[in-house]
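Open the model in your viewer and keep the selection panel at hand.

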Amino acid sequence: SVPLSFFSAIGAISKKGVLVKGANYVEKLTEIENIVFDKTGTLTKGVFEVTKIKSFGISEDELLKNCALVESFSTHPIGKSIVKAYNKELNLKEVSFNEEISGLGMKAKVLNSDILVGNERLLEKFGVKLEKIEDSLNVVYVAINSKFVGYIVVSDIVKSEAKSFIEELKKLNILKTFMLTGDKKEVALEVAKDLGIDEVKYELLPQDKLKIYEEIKFKTAKTTAFVGDGINDAPTLANSDIGFAMGGVGSDLAIKSADIIVLNDNLNAISDAIKIAKKTKTIVY
Ligand code: ADP
Ligand code: MG
């Protein structure tokens, strides 16, 4: 049975902005040895800003409008930033079909055109030939009727508390930190190096995240937490030893799949929760 003080620990942890879904997770919190993080929206703010628009054969405004129409149906932070950048009224009835392809982008029909908005892999998947472009980081590619018509550059920033939080984890006996991301190599390596994350894997699809998480668990034989925010993190959150969903820009599916929800979106709340759980446990035993 669960010690009664674990319930009061849940109360203390909730004051730090963290919702623990069951008293059994208080004990689990004390056992964490590895932490695996998603990148976008978890270690970074996940609030992107459009910094550049480049179009070929159509106007920049038309490119942005089509993207904004399509991204209105997306829950992804990149999608939200594109809708915000357009900043004009949209007639969503013009979109007769839309599908969010997790880890790749959006596929949609706007009026009579088939639109793709996403990364290089999305366009490659649908056989669109890409031209070489000079920008490298965070590029959203756009195709209309299977033709590459331009791209949008977006940028994200690392959460201000992320670096000190990763350092703090070492003091809490967390042995190793990992980052798994759907994002490109260059962005992934830069963020991991900046924050002092021990191991990083990039350009992953949602099913890759779960597979690699399970490999880490198997290889290390340690209690391994997972922290994420997106629909692409939900399968891993649901299958992790202990799963944290970031509540800021996080998707409903991630929140449903997690054991613990960081309502205030601040990474320090995770180390606070671990500290409270460990303190409670020393009192119990
Ligand atoms: P992360 O694992 O870092 O949170 P995701 O798996 O959510 O990243 O996304 C991986 C990549 O897929 C993004 O960097 C982006 O290139 C692309 N992507 C996903 N959803 C969208 C979208 N709605 N619009 C444009 N690009 C998208
Ligand atoms: Mg994410």
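At what angle do helix H2 and helix H11 pack? Select residues 24-31 for H2 and residues 268-284 for H11: the angle is about 100°, and the axes are 8 Å apart. Axes are lines fitted to C-alpha atoms, for helices over the stretch in contact, and angles between N-to-C directions run from 0 to 180 degrees. H2 is therefore roughly perpendicular to H11, a label given to angles of 65 to 115 degrees. Helices (H or I, at least four residues) and strands (E, at least two) are DSSP runs, numbered from the N terminus.

This is a predicted model, in which local features need pLDDT of at least 70 and side-chain atom pairs count only at pLDDT 80 or more, while totals for chains, interfaces and linings use all residues. Residues are numbered from 1 along each chain as its sequence is written, with chains lettered from A and ligands numbered from 1 in the order in which they are written.

Now show the side chains between the two helices. From H2, Val-26, Leu-29 and Thr-30 meet residues of H11 including Ala-273, Ile-274 and Ala-277. Contact here means C-beta atoms, placed from the backbone, within 7 Å.

Next, colour by domain. Domain 1 is 5-44 + 159-284 and domain 2 is 49-155, with bounds from an automatic or database domain assignment. Their C-alpha centres lie 31 Å apart. Domain 1 gives 11 residues to the contact and domain 2 gives seven.

Then select the six strands of the open sheet, ordered E3-E8-E7-E6-E5-E4 with antiparallel pairing; a pair needs at least two DSSP bridges. Strand E3 (49-55) and strand E4 (95-101) are at the edges with a single partner strand each, so one side of each has no neighbour in the sheet. On average, neighbouring strands are turned by 15° against each other, direction ignored. Zoom in on E5 and E6, which six bridges join; Lys-109 is opposite Asp-114 in E6.

Finish at ligand 1. Of the 23 residues around it, Thr-40, His-76, Gly-105, Asn-119 and Gly-182 come nearest; a residue is near if its C-beta atom, placed from the backbone, lies within 6 Å. Helix H4 (77-86), strand E5 (105-110) and strand E6 (113-118) each supply at least two residues of this shell. Domain 1 and domain 2 each contribute at least three.

How values were computed
Parallel < 35°, antiparallel > 145°, perpendicular 65-115°, else oblique.
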